[in-house]
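Hi,

Here is the structure I promised to pass on to you. Have a look at it first, and then read on for my notes.

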Amino acid sequence: MKLMVVDDEPIILNGIIRMIQKANTSFTEIVGAADGVDAVQKLAYFQPDLILTDIHMPEMDGLALIKEIQALNLCNRFIILTGYGDFAYARQALRYQVIDYLLKPINKEELLTVLTRVERTIMEEQHQTIEHDLLLLKEHILYNTPIEDMPLKPEQLHTLLPYPYTTIIVFQAYESVPLLTAERLEGVCALLSHVCKKTYTVHSRFLRQTVLIANGVHVPTDEEFQRACGELFDTKRILGSGYCIGLSVRKNDNDNLRDLYIEAMAAMLFNRYFSNSSLTIYRPESENIHSDYDNLVQYIEHSLAQQISIEQIEKDIQSILPPFSGHADCNKKLREQFLICVGVYLQSVGLTPESIWGEHAANKLFSPSSTPLENISVSEIIAQLIRYARSTDRHQPHTQAIDKIVAFVEQNYKLDLSLDAVADHVQMHPNYISMLFRKEMGLTFLHYLHTFRLTKAKQIMQENPEWPINTIAELVGYENPRHFFKVFKKFENITPGQYRLGNSSV
């Protein structure tokens, strides 16, 4: 944790820093500042978790410093240090939500008691921040919400995934098999802990998936992956039951976690349909799998939205096909790759090939022993898929579905909403909700939710200029004030404090 101490008396400043260093607290990075102006300058490159500041200093006193720092959103935790016993200072400090007010000379035990309490608070907030960031990653990875629509900066990703190698493991539960328990996941993480220093899990009830995100300094070997995951499946399970596992690893590429997930999905489905093993690690044999998949998804969503006829689909199909040649081995690889793209799409919308073509036909279609796929067969696959989607996924008009979702958000925006929570209430697949919002409103669901909450926050700030920013953040659905600051800055290009100051001057 990072700490800044501000005092214009060098002896006191250095004494406080030494006192904290000798106490072996969690504040391992400590920076001293000679006065308020010096503190503001050092905050340009040092972002502390807590600031201890004297009140009476030349040029800029402690309370003016706190006000400036809060307006710039550089820190939100402060302890006042002063030699004055006038409670008026304490009352004024409390208006700025100062944590505590300590009199000089500093009592060591009292200071360390306060620091211990702050440490616990910071650790709780850091845990909340990780949970919040994981929810954002889940929306991005599983439901393809663009990362630019999220208040998730590169440095936050680096905090979550600081090591060079990132692995995504997809555990797919079929039929009546439950999602993995926390205990089983802890066992997997423990067996990978010597190479994966950080591990996180997200779940999707709709997709019946558990996704493990692991980050480390080395790539686990195939044997280590098998040892960690092997107890979760039985090679004798029949197709479509039990667990199926796929994984992919990349180096220094956290900006493309969605692609990493697609690769892990492809590995898992290749295992399911074209391999006898129970665990498949993605090998980048083709660099085109992402573009092939993206082309397929874009065409399917376009044909659904525009109600394109089946005849036109058959004419258009060449534009999304991989380039089949006359070579049998090449055709076989392309056939498998194309069917994997189909399988990944179906999985992403909560379907399986069996649900569309029936178990017998699906097994035959995806069987590795089938003859090379001809273009006309591919056209028919896409046509049947789109025909099925139209018959099962369009029970109500788009505007009626959007109205239902919007009404739910407007009534519950103060709660901890996620795309999964909304989907569960309105009984629509998260990916379908995302598609509707992009088509009907020109923005993602997450973008809409943040915009609605910020509108409410700005209204409250205008009507109640004295209310603390933290209180307003909680009122509009942000339990952690830091999340509120990040979202506000992301979408409004200014901090809440700057908005309030600008609005008060109008």
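Lys104 forms a salt bridge with Asp54, with 3.3 Å between the closest N and O atoms; by salt bridge I mean a side-chain nitrogen of Lys or Arg within 4 Å of a carboxyl oxygen of Asp or Glu. Lys104 sits in the loop between E5 and H5 and Asp54 in strand E3 (residues 50–54), so the pair ties together parts that are 50 residues apart in sequence. Both Lys104 and Asp54 are buried, where buried means under 20% relative accessible area, exposed over 50% and partly exposed in between (1.4 Å probe, protein chains only).

Before going further, please note that this is a predicted model: local features need pLDDT of at least 70, side-chain atom pairs count only at pLDDT 80 or more, and totals for chains, interfaces and linings use all residues. Residues are numbered from 1 along each chain as its sequence is written, and side-chain values use heavy atoms, with hydrogens and water left out.

Lys104 also meets the side chain of Asp7 in a salt bridge (2.6 Å, N to O). That pair links distant parts of the chain, 97 residues apart: Asp7 is in the loop between strand E1 (2–6) and helix H1 (10–22), while Lys104 is in the loop between strand E5 (100–103) and helix H5 (108–143). Asp7 is buried, as is Lys104. Together, Asp7, Asp54 and Lys104 are linked in a network of salt bridges.

Over the whole structure, the search finds 9 salt bridges. Another of them joins the side chains of Lys458 and Glu492 (3.2 Å, N to O). Here Lys458 in helix H19 (residues 445–463) is linked to Glu492 in helix H21 (residues 481–492), 34 residues apart. Glu492 counts as partly exposed, at 27% relative accessibility.

As for the overall fold, the protein chain has 22 helices and 10 strands; helices (H or I, at least four residues) and strands (E, at least two) are DSSP runs, numbered from the N terminus. Of its 506 residues, 52% are buried. Among contacts (heavy atoms within 4.5 Å) with a separation of 6 or more, 71% are between residues 24 or more positions apart.

Helix H9 is worth a look too. H9 is mostly covered, with 16 of its 18 residues buried. Leu257 is found in this helix (residues 257–274) and is buried, with a relative accessible area of 2%. Not counting residues up to four places away in sequence, Leu257 touches Leu137, Ile141, Leu157, Leu161, Thr166 and Ile168. The C-alpha atoms of Leu257 and Leu137 are separated by 8.5 Å, although the two residues are 120 residues apart along the chain.

Best wishes
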